[in-house]
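Hello,

Here is the structure I said I would pass on. My notes on it follow below.

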Amino acid sequence: MRFSTITFAIACLITMLIVASPIGLPDKVASKVCLQLLKWNGDTTNVLAALAQTDAATIDCSSTGSRLSSQEVQQLVSLHNKVRADVGVGPVTWSKKLAMYAQQWANHLASTNCSLQHRPPSGKWKREYGENLFMGTAGYFGVADAVKSWEDEKKYYRGQTLDHSNWYDSGHYTQMVWKESQQIGCAKVECNGNVIVICNYDPPGNILGQKPY
């Protein structure tokens, strides 16, 4: 029995190290799994099942709220604010809540058909915030490229009020510079050799009948 306890204690330690947070502290989910491992006292089948269920997709140890690094977050906020400042609009700040929201949808896209799709207007995945999407070849494109592609739509916006006939071509750009949007949160995921970048905005922009600024 003592050997069994020691074995599970080692397994517990390994589990905590695998899913440790960036600052080296054990993740809460890992701690719960460890406690369960010790309770089982040597049931290998249950141990393996618990480890399989504790996958990386459900354990978010990142201080950014998504799979983005702190450097990528700084890039996204800085680039957004530069584009906004160019038209006299105030800055946005980072929202971990929005980043987690974006990561959930990114993970869903990767696990289904790995294509660019906006959240639907209703149902389980109902869209609650403004949303910009980007896809490019993984390893060649990153978050800065996503922002640049959205900013490139600036040439299609000429200061007009948005309506059904004119918002589509410049929609990514107008969301970036929407005056009322004060927070952003973004995420990324890789699938089929591509990287998908998603940014959400709160309050949402691109309201028909209004101008972005």
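E131 is buried, at 7% relative accessible area (buried is under 20%, exposed over 50%, partly exposed in between, with a 1.4 Å probe and protein chains only). This residue belongs to strand 2, residues 130–137 (strands are DSSP runs of E, at least two residues; helices are runs of H or I, at least four; both are numbered from the N terminus). Its side chain has a polar contact of 2.8 Å with the side chain of H118, and a polar atom of that E131 side chain is 3.0 Å from the backbone nitrogen of R119. A polar contact here is an N or O pair within 3.5 Å; within protein, one atom must be able to donate a hydrogen and the other to accept it, and residues adjacent in sequence count only if both atoms are side-chain atoms.

The model is predicted: local features need pLDDT of at least 70, side-chain atom pairs 80 or more, while totals for chains, interfaces and linings use all residues. Numbering starts from 1 along each chain as its sequence is written, and side-chain values use heavy atoms, without hydrogens and water.

Then the backbone. Most residues other than glycine have a negative phi, and most peptide bonds are trans. Three places depart from this:

- D202 and P203 are joined by a cis peptide bond, omega about -10°; P203 is in the segment after strand 4.
- C114, in the loop between helix 5 (96–111) and strand 2, has a positive phi near 50° and is buried at 8%.
- N206 has a positive phi of about 55° and is partly exposed at 22%.

Regards
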